Amino acid sequence: MLSCSVRLSRAESTPAVLGRQSTHLDILGERYATDEITNITPAIISKLSERLHTQHGHPLSTLRALIEGHYADYTHLSSFSPLVTPFKNFDELSFPKDHPGRSVTDSYYVNKDLMLRTHTSAHEVEVFGKGETKWLLTADVYRRDEIDGSHYPVFHQMEGARIFDATPTGMKEVEEDNERLSYHLARSNIVIEDVPHLAPTNPNQPEHNPLHSELVAKNLKLSLNALMLTLFGTSNRTEPLRVRWIEAYFPFTSPSFEVEVFFRGKWLEILGSGVVRQATLDTAKVPNKLGWAFGLGLERIAMILYSIPDIRLFWSKDERFLSQFQQGAITTFKPYSKYPSCFKDVSFWLPQEANLHENDFCDLIRDVTGDLVEDVKTVDRFVHPKTNRTSLCYRINYRSMDRSLSNEEVNEIQSLVVSRLKDAFGVEIR
Ligand code: DAH
C-alpha cells in the first residue's frame, strides 16, 4: 500500500523527495521535523501561501463570493491553516483506520502527526465547536494525484453547514424554511430527479428521530437546489436546469448524497453532502442539535462557468489570463494561445522488489517541472518473471500554458527528471 517500499531499499530513511540531509521543513514561517513518511515537496510548499480564493478578481474568489452571497446570512470563513493533524482530517470525522485516503500515496504528510488537509470537512468539529450554526468555509485542499487537465494536487473547496435545535421549535424552523424554499423552487425553471431522503441503503442514524432526519435532509436538498439555480440557472436559458440527487456514502454523514447538474450536454458531479453524523456534533460539544453539511470543489465549477480548459490556468501569473477577470463577474475565458506539446518517454527498471506509485512519479514531475507538464500517461508496466523487477514506461506531455517550449529546453528538463528519478528511487534507465 505505501510507496515506502522503494525507500526501504535505501540506506537512509530521509524521504526521497527531500534529498538526503533534510531533517526539517520550513512551512508558513514555522519549522517542522520530518520523518520517514514526509512526502510534501517544495512545489507543494510554495502553493500554501497563495490562497487563490482570496485573490481579488481571481475566478475562484468571484465564485466564492457568489456562493457566499447566496448564503448571505451564514458566517463566512476563509482563513484556516492547511496544516492539520490526521486526527482532525480523518478520525474526528469517523474515517476508519484503514481508509485509503490516509495513505502516503494519497495525502501529503509533513510528518506522521501533521498533514495538509485533504478536504474542508476537516474543520467541521472546530467550527461547530465555536457555536456556529450556519456557516461556509473556503480553503485550499491537497491531494496527491495524477497529472492531467482536470487534476491538480491543490484545489479549493467550500464547506457549508446548517444545524438546528433537535426540539419541536427547531423542527418548526426547518419546516418553515422548507416551505419558503419549495415556494421559490416551484417558480423556477428547474427539473429535479430525487431519491428518497431516507432508505435502507442510505439510513437514518440511530440517534435521530427519522422524522427530524427527513426534514433536515429535505432542507439540505432544497437549499442546494436553490444554490444550483444561482450558479447554473442563467436568465437566458430556455431549457430548464436539470439537477439530480444520488445516494452516496461518506463516513461523516448519513444519509449522504451527491448532486449532479446537466450542463452543456453532460452530467457534472458538483458536490457531496448529507445529514451530519451525530458523533461529529458530539465531539464538537453541540449534542442537542442536528443538521446538514456539504462540500463542493470550486475549480470544477469555475472551469464550467468560465470555460477554463485546463486546471493549471488557475495558478497562472500571466496577465493574459489574470486581466480577463474582474471580481464579481463571470465571463467566458478567451484562450490566448495553445502552444505545442512535446512528448518525452522515460523507461526504467525499479530496484528489485520495489514498487513506485504513479502519484510518486507525478509529484517528482511537478517538483522538477512546475506546471510545464500537461499530462502523464503510463505506457507500459510489467514485472520480469525471473528477476521480479518492475519495468515502467511513462509518457510525459510537456506543454506550457504561456509560451512555446523549445526541444532543447524540454530535453534539459527531461534529463533533470531522469537524474531525480535515479536519485530518489534508485531506478535504472532502460
Ligand atoms: N469532504 C467530502 C469530499 O471532499 C465532501 C463532503 C461530503 C462534504 C459530504 C460534506 C459532506 O460536508 O456532508 O469528498
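**Notebook: ligand shell, sheet and cores**

I began with the ligand and sorted the residues of the shell around it: three are nonpolar, seven polar and one charged. A reminder to myself: this is a predicted model.

Next I listed the names. The ligand is surrounded by His 119, Ser 121, Glu 159, Phe 250, Thr 253, Gly 272, Ser 273, Gly 274, Ala 293, Phe 294 and Gly 295.

I found an open sheet of eight strands with mixed pairing, in the order E3-E7-E8-E13-E12-E11-E10-E9. Its edge strands, E3 (75-77) and E9 (190-193), each pair on one side only. From one strand to the next, the twist averages 20°.

I looked at one pair in detail. Strands E10 (residues 241-247) and E11 (residues 253-263) run antiparallel to each other over six bridges, and Ile 246 has Glu 258 in E11 as its bridge partner.

Helices came next. H6 (residues 168-186) packs on the sheet, touching E8 (154-165) and E9, and its direction makes about 125° with that of E8. H7 also packs there, touching E8, E9, E10, E11, E12 and E13, at about 30° to the direction of E13.

Last, the cores. The largest nonpolar core has 68 residues, and Ile 163, Val 216, Met 228, Val 259, Ile 301 and Ala 302 have the most contacts inside it. Helix H7 (residues 210-232) gives this core its largest share, ten residues. I also noted a second, separate core of 23 residues, including Ile 147, Leu 356, Tyr 394 and Tyr 398.

Key
Residues are numbered from 1 along each chain as its sequence is written. This is a predicted model: local features need pLDDT of at least 70, side-chain atom pairs count only at pLDDT 80 or more; totals for chains, interfaces and linings use all residues. A residue is near a molecule or strand if its C-beta atom, placed from the backbone, lies within 6 Å of it. Ala, Val, Leu, Ile, Met, Phe, Trp, Tyr, Cys and Pro count as nonpolar, Asp, Glu, Lys and Arg as charged, and the others, Gly among them, as polar. A nonpolar core is a set of buried Ala, Val, Leu, Ile, Met, Phe, Trp, Tyr and Cys residues joined through C-beta atoms within 7 Å. A residue is buried if 20 or more other C-beta atoms lie within 10 Å of its own, exposed if 12 or fewer, and partly exposed in between; C-beta atoms are placed from the backbone. Helices (H or I, at least four residues) and strands (E, at least two) are DSSP runs, numbered from the N terminus. Two strands pair if DSSP finds at least two bridges between them. Axes are lines fitted to C-alpha atoms, for helices over the stretch in contact, and angles run from 0 to 180 degrees between N-to-C directions. Two residues are in contact if their C-beta atoms, placed from the backbone, lie within 7 Å.
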